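Here are my notes on one stretch of strand pairing. Please read them alongside the model.

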Amino acid sequence: MNAKVVITDWGFPSLEPEQAVFSPYGIEMSAHQCKTEDEVARVAADADVVLTQWAPVRKKAIDAMLHCKGIVRYGIGLDNIDLEAAKAKGIPVRNVPDYCLDEVADHTMALILALQRQVSRVFQLVRDGVWRITPPLELAPLRKSTLGLVGFGRIAQLVARRAQAFGLSIMAFDPYAKPGVFQNEGIKKTSLEELFASGDIVSLHCPLTNETHHIVNASSLGRMKKTAFLVNTGRGGLVDIQALEKALRENRLAGAALDVVEKEPMPPDHPMLSLPNVIVTSHIAWYSGESVRELQRRAALAAVELLNIRSR
């Protein structure tokens with residue numbers, strides 16, 4: 001009997017990269033667009049491997065899997081998968097941890113530059129008929145600013161190298177970083193408290209865990225400079241969006257740029273979107289034509305590895 005890979009949901013132009021990987025192995029591919037856990041439970045019941053992008057692969061769905069040999073996430077984070085339930089059932093979980101690194105680093109720098117140079121804010125003024133040769137905020141030049149990186153994995157390291165070219169001073173917090181990485185990259189190791197208090201720009205690059213959920217909250221925002229900016233290209237759940245909105249409305253923070261939010265998509269009438277000092281992009285930091293194809297191909301290869309079969 002042919003092995004069956006069930007794709008719970010996908011947002012790609014096509015599934016040709018997966019098909020190209022599966023065809024030599026005679027693997028059957030069944031693709032769906034599940035939105036709920038019940039839908040996942042129904043389609044994944046007879047799967048040998050499950051590929052998932054955003055659909056909720058929680059305990060109910062995992063318990064419904066009759067003979068699943070593994071779950072593969074299209075992406076780096078595993079937020080939509082109940083890891084404890086998978087572990088309890090002996091189902092290994094894989095991700096694609098090292099794709100789109102440059103894309104996210106580039107997008108992070110784009111948001112930093114847009115915030116610090118007040119690009120979108122000034123553009124809106126121009127659209128409203130206001131032409132001034134000075135921007136709304138009085139800020140220090142970028143070369144005299146400090147960038148604080150929360151998390152110092154591969155993406156944050158790439159951001160640091162880009163930021164160094166602009167003359168930024170850089171500090172980072174990561175209690176799980178490999179020994180010597182800060183020294184090797186020429187970055188100051190700091191505490192989380194000092195980072196929030198001293199950073200002119202704070203950029204988030206840590207995974208979403210119970211420990212990091214709402215790491216940006218009323219307390220941490222209260223430690224930040226009024227002239228500071230927050231950038232999040234990591235995970236939406238790292239930021240308490242209500243606390244952030246309140247800080248911005250009360251002018252206790254100069255601005256924020258978010259590529260991810262806790263509840264996506266952000267509705268067009270969300271109050272954050274009415275603020276002049278906010279930039280929101282629609283979870284696109286990971287994307288390039290090359291990165292999306294690489295993600296699909298590598299996720300499919302991970303599925304083949306879990307199946308432990310040979311090509312025909």
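How many bridges join strand β6 to strand β7, and which way do the two run?

1. Basis. This is a predicted model, where local features need pLDDT of at least 70, side-chain atom pairs count only at pLDDT 80 or more, and totals for chains, interfaces and linings use all residues. Residues are numbered from 1 along each chain as its sequence is written, and side-chain values use heavy atoms, with hydrogens and water left out.

2. β6 with β7. Five bridges join β6 (residues 146-150) to β7 (residues 169-173), and the strands run parallel. Two strands pair if DSSP finds at least two bridges between them. Helices (H or I, at least four residues) and strands (E, at least two) are DSSP runs, numbered from the N terminus. Gly148 faces Met171 of β7. Val150 stands opposite Phe173 in β7.

3. Other partners. β6 also pairs with β9 (residues 201-204): four bridges, parallel. Here Val150 stands opposite Leu204. β7 is joined to β8 (residues 188-189) by two bridges, again parallel. Met171 stands opposite Lys188 in β8.

4. Burial of β6. Five of its five residues are buried (under 20% relative accessible area; exposed is over 50%, partly exposed in between; 1.4 Å probe, protein chains only). Thr146, Gly148 and Val150 point one way. Leu147 and Leu149 point the other way.
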